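Good morning, colleagues. Please look at the structure as I bring it up.

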Amino acid sequence: MQTFVTREEIFIWREQQQAEQKQIGFVPTMGALHQGHLSLVEQACQENDVVVVSIFVNPKQFNQSADLQAYPRMLSADLALLEHLPNLVIFAPNESEMYPADLPFEPMPLGKIGQLLEGAHRPGHFEGVVHVVHHLFALVQPHTAYFGQKDFQQLAIIRLLNQYYGFGIDIIGCETIRESDGLAMSSRNLRLTHEQRQSAVSISKALALVKNNIGQDPIENVKQAARNIIEQAGLEIDYLEIVDPITLENCTEWQQIQVCCVAAFCGEVRLIDNVLCESVL
Ligand code: AMP
């Protein structure tokens with residue numbers, strides 16, 4: 001497995017792959033890899049000739065410097081986890097390689113979808129995501145790129161970005177991988193104390209309640225019951241909304257398909273999760 005740290009190395013490698021007509025898959029990550037990331041990488045390995053995994057903690061997408069500082073970094077452990085996979089290369093640049101001063105970037109308008117949910121609660125976050133993914137897509141020029149549905153809104157924005165800049169990449173949304181008790185896997189879970197880890201499961205319990213009650217009680221009552229589960233476990237909710245899966249705007253009535261999206265603080269650690277719910281109307 002080759003590990004590249006400069007743009008030039010990955011550029012030369014990519015030109016070689018293109019000359020050999022290899023299909024390139026791409027999985028962008030911020031490292032501290034877990035089974036959720038691995039599921040994306042494994043799928044990418046099955047569906048492409050070669051796969052690039054990027055590992056870069058992107059400062060531009062953190063709206064709080066304490067969160068950026070506390071974000072786990074463990075490159076050697078990450079590389080060890082990926083070692084067994086065939087036809088994989090790693091791109092692990094530092095900040096000046098990722099953002100050379102002379103590299104042009106024209107931000108895209110995020111529109112309404114960028115202002116809701118995470119956009120409303122983490123100003124600048126999606127602008128930072130778009131910036132880094134734009135540079136990575138332009139450099140790696142993959143045929144396919146894999147993103148988790150755990151970051152539901154991010155996935156929607158990546159699809160917009162792909163269209164807006166005309167990358168023409170096949171964007172693949174992958175299911176959320178969970179711990180055995182239901183907690184969505186996240187690099188941030190590493191920061192939870194034992195007690196916080198026990199309370200954090202309330203998020204997936206609340207989502208299960210929503211899923212089991214769609215189309216039954218009024219939507220506001222179901223949201224309130226879900227919020228109660230999380231608050232009773234001692235977490236502080238940033239938002240819990242039931243929204244349209246395309247526009248991400250709040251649903252006032254049950255629809256055929258909706259998604260419940262939640263963000264909550266477990267101590268200092270901000271966790272997000274969602275569940276897609278289909279009603280039989
Ligand atoms: P991150 O390192 O948190 O930026 O995540 C890198 C990619 O892995 C993103 O596309 C995430 O949506 C995805 N991802 C993170 N956690 C999970 C999970 N539990 N299941 C599936 N995909 C995930």
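Predicted model: local features only at pLDDT ≥ 70, side-chain atom pairs only at ≥ 80, totals over all residues.

I begin with the ligand. Which residues come nearest to it, out of the 17 around it? They are H37, G148, D151, I177 and M185.

Two of these residues also place an N or O atom 2.9 Å from a ligand oxygen atom. For H37, the atom in question belongs to the side chain. For G148, by contrast, a backbone N or O atom lies 2.9 Å from an oxygen atom of the ligand. M30 likewise brings a backbone N or O atom to 2.9 Å from a ligand oxygen atom.

How much of the ligand's accessible area does the protein cover? On its own the ligand has 480 Å² of accessible area, and the protein covers 92% of this.

Let me turn to where the shell comes from. The element that gives the most is α2, with 3 residues.

I now move to the domains. The domain assignment of the protein chain gives domain 1, covering residues 2-174, and domain 2, covering residues 187-272. Taken over C-alpha atoms, the centres of domain 1 and domain 2 are separated by 26 Å. To the contact between them, domain 1 brings 21 residues and domain 2 brings 18 residues.

What area do the two domains bury between them? The value is about 1700 Å², and 61% of it is on carbon and sulfur atoms. Which residues of domain 1 lose the most area to domain 2? They are L117, H121 and F152, which together account for 33% of what the domain 1 side buries.

That concludes my presentation, and I thank you for your attention.

Terms used. Residues numbered from 1 in each chain as written. Heavy atoms only, no water. Near = heavy atom within 4 Å. Polar contact = N/O pair within 3.5 Å; in protein donor to acceptor, adjacent residues only side chain to side chain. Areas by Shrake-Rupley, 256 points an atom, 1.4 Å probe, with all protein chains shown as cover. Helix = DSSP H or I, 4+ residues; strand = E, 2+ residues; numbered from the N terminus. Domains from an automatic or database assignment. Contact = heavy atoms within 4.5 Å. Buried area = accessible area lost by both parts, 1.4 Å probe.
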